[in-house]
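Colleague: I have a model open and want to learn how to read its packing. Can we go feature by feature?

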Amino acid sequence: MAQQTTIALAGNPNAGKTTLFNALTGSRQHVGNYPGVTVEQKEGIHLCDGLPLRIVDLPGTYSLTAYSVEEVVARDFLVNDRPQVIVNIVDASNLERNLYLSCQFLELGIPMVIALNMIDVAKDRGIEVDADRLSQLLGLPVIPIIARSGQGTGQLMRAAAAMAAGQHEWRPRKLSYGDDLDATLIGMEAEIEAAAFLADTYPARWVAIKYLENDEQIMALGRQTDPACAAVLTDMATTVTDHLQATVATYPEAMIADHRYGYIKAIIRQGVVHHAYDTDRLYTSDRIDRVLTNRFLGPVCMMAVLLGLYHITFTYSQLPVEWLGSFFDWLAATVITLVPAGPLQSLLVSGIIKGVGGVLGFVPLILLMFMGIAFLEDSGYLARVAFMMDRIFRIFGLHGSSVMPYIVSGGIAGGCAVPGVMATRTLRSPKERMATLLTVPFMNCGAKLPVLALLTSIFFAAYQAQILLLLTLLAWGMALIAAKFLRLTVLRGEATPFVMELPPYRLPTFKGLMIHTWEKTWQYIRKAGTVILGISVLLWAAMTFPGLPDSTTAQFAAQRQAVLAAAPPAAVAEYQAGGTLSPTARELATRLTAIDNLKSEEALRYSLAGRFGTAMETVSWLPGFDWRTNIALVGGFAAKEIIISTLGTAYSLGKVNPEETGSLAKTLAAEPHWSPVMALALTVFIMFYSPCFATVVCIAREASWRWALFSMAFNTTLAFLFATLVYQMGTLLL
Amino acid sequence: MPRMPLRQMQKNQTGTITAVKVAGELGRRIREMGLVPGTEVTIQGRAPLYDPVALRVMGGTLTLRNNEADHIEVEVAD
């Protein structure tokens, strides 16, 4: 027994699987991804009487078909990794539906222990489940547990360990699916056994059932490994399908499902479930729903809950974000005193510290946001939001659950697309999820706001509030229309079935919330952190190198010298000593700063980013942008608020604080090139062009790098077209 | 006992499913949630925009869109 015992934990979503997993493994768990897909694989170690058991948490599913990634992942794990035992967690208050999945594990034949969860909830509802009777009828151990309190989990794991030590071979259960299908199955099984078809991975009867169910994954695998046998099986399945269609107008897969439920109902009727009260009784959860999904009160409560979540997140994350900001400012100041001025100092301060600061700056926000989302999700409210919003979002090819990511990203101005993109995980429909993921960056996040505020303050100061509201609505409109466009083109396809459970309301466990929040945050720091740091350094390099040629640097130095020489010596001494300055010394300082700012402007223009910005003028005249704006937009790829500081450098104003943009606003207003039309074109461009790279990295993590690059190209093209339209139409009309 | 598509049922009306007339992914999603012939369903309510619909099925609550409910035929008591 050198090999470690592996136990797979499986069950329906909402059956309490994650709670049980957390109760069993505590902090001894880690999260990875199943190879090639974005489905999380969680595993951990549980000590059962000193014996370590490896627990693998399979994704929550209702069935074992090949329709969703989660289901394919779950069954691939079972047949390829061959865990010794499967612990199937079922919700005692909803036994019939939960046993449908158990039934499919029985057909696969894997040794199984059933964890009968939430017996307390069931009891409150007047449902009493006779575990011994159920165990006797199913022929396997059934252990009543309460995962939330940990009650019964010890006994459960001992039963699982005992089974792992005892039974090794798989014993597929033979269920009857009606005479026609049973007869065909016997024939198919004979064919499969004779050809040893897929014999090293799957039981013969199970393969036959999958052929009858028209299971794409198994059929494709069959065609690859043994085309001859696969063809015979397909023919047999087609014959019986046609026969069923002709005689009873149904499909084999429907018939199989009906018989599985028949089998379950037959077991439950044999005294397994006792109802103490009338089954129509209103449970607490239904009473809550009478208010929360009420036609009038429902939407009002929803707005209140979402605004509340928003308010809490962005209010309480502000302080830690500021602390982090001051810490990194302090760090930068320390490095400046320790490292002599030059490329190394610049790399450390502007490249690395700013990059790391940028990554960690999001952390308090992500932490709080995910705590809020986890609370709404675990409590069951998120499913109600999807239920209420679905009708609207469906018009745009999305899903009711899309609302959350949009809100988080800035649907109420001031969110952040990073947690928004990560929040799309709650969507189980792949195409709807992708469309949501790609369009959430259109929302006006907190970093775009100061830029938009600056632009509107220059020319539209009197109507600033109204315009900002309009811009929020514009963002919503654009995101939804873009989503519709994607769903009609690259993400074309039928709507994924909406059929979903509205789980009973529950108070989430503190432990569950903490684990969930920490996982998300850590994932962000670890995976995104490394890449974001790299890109930050690259962008820094692009805006720094190549440095000004020596002759130009010498020119600026000479100018400084000339100014210093012309000034009265007393003022120079005062300037060099620092402290409070007399008027003459202050004038000297201003003149010197002006030279330094000109030098910074020249250096920026000379850098790679500057050359790129200048080169881009060949197309950027269309929306009316000059090279200075172009460089600022390149900087905005690092983080949108950097647009302001880059514009400041480009207009030789030196460092501009995003909080106080007065001088920049004055300069821009005075520029002949800047007109209200151009400001408007720039505003829409900034709203819709490529997401900042923190978001791009998150899109790559949640989807793929291909989609991340697509989103950069798609958004920038769209923004460019829109801005051009605004500028050209505006110039024409005014 | 009149038969009708699930979509036409009124709030709080109870019926027994007689047929689920759809194959493929949608059919399977509907069945795996327990919506198979013989199952009793009660309409619990509708979303603020009358779609989707919420059903009480075997001690749990399910929701599906009206165009999905069209495929489910129900027999209701008068």
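Colleague: Which helices do the buried residues of α20(A) pack against?

Modeller: First the terms. Helices (H or I, at least four residues) and strands (E, at least two) are DSSP runs, numbered from the N terminus. A residue is buried if 20 or more other C-beta atoms lie within 10 Å of its own, exposed if 12 or fewer, and partly exposed in between; C-beta atoms are placed from the backbone. Two residues are in contact if their C-beta atoms, placed from the backbone, lie within 7 Å. Here, the buried residues of α20(A) pack against α18 (403–411), α19 (417–423), α22 (464–488), α32 (693–702) and α33 (705–733) of chain A. Helix α20 spans residues 430–439, and nine of its ten residues are buried. Among them are A:M434, A:L437 and A:L438, but also A:K431, A:E432 and A:R433.

Colleague: How should I treat the model and its numbering?

Modeller: It is a predicted model: local features need pLDDT of at least 70, side-chain atom pairs count only at pLDDT 80 or more, and totals for chains, interfaces and linings use all residues. Residues are numbered from 1 along each chain as its sequence is written, while chains are lettered from A and ligands numbered from 1 in the order in which they are written.

Colleague: What about a residue on α33(A), such as A:T717: how many other C-beta atoms lie within 10 Å?

Modeller: A:T717 is found in helix α33 of chain A. It has 13 other C-beta atoms within 10 Å, so it is partly exposed. The C-alpha atoms of A:T717 and A:Y689 are separated by 7.5 Å, and these residues are 28 apart along the chain.

Colleague: Now strands. Is β6(A) enclosed or open?

Modeller: In a regular strand the side chains alternate between the two faces of the sheet. So check each face. In β6(A), A:M112, A:I114 and A:L116 on one side are buried, and so are A:V113, A:A115 and A:N117 on the other. Six of the six residues of β6 (112–117) are buried, so the strand is largely enclosed by the rest of the structure.

Colleague: Which strands pair with β6(A)?

Modeller: Two strands pair if DSSP finds at least two bridges between them. Strand β5 (residues 85–91) of chain A pairs with β6(A) in the parallel sense, over six bridges. One bridge partner pair is A:I89 and A:A115.

Colleague: Which residues touch the most other members of the largest nonpolar core?

Modeller: In soluble globular proteins, nonpolar side chains tend to be buried together. A nonpolar core is a set of buried Ala, Val, Leu, Ile, Met, Phe, Trp, Tyr and Cys residues joined through C-beta atoms within 7 Å. The largest one holds 220 residues, of which A:V113, A:A115 and A:A160 touch the most other members. Helix α31 (residues 676–688) of chain A gives the largest share, eleven residues. Domain 1 (5–166) and domain 2 (179–275) of chain A both contribute, so the core lies between them.

Colleague: How do I read the contact between those domains?

Modeller: The bounds come from an automatic or database domain assignment. The centres of domain 1 and domain 2 of chain A, taken over C-alpha atoms, are 25 Å apart. Each domain puts 21 residues into the contact. On the domain 1 side, α3(A) gives the most, with seven residues.

Colleague: And between chains: how many residues of chain A are in contact with chain B?

Modeller: Chain A brings 29 residues and chain B brings 30. On the chain A side, α11(A) supplies the largest share, five residues. Strand pairing crosses the chains too: two bridges join β10(A) to strand β5 (residues 60–64) of chain B, antiparallel. A:M500 has B:T63 as its bridge partner.
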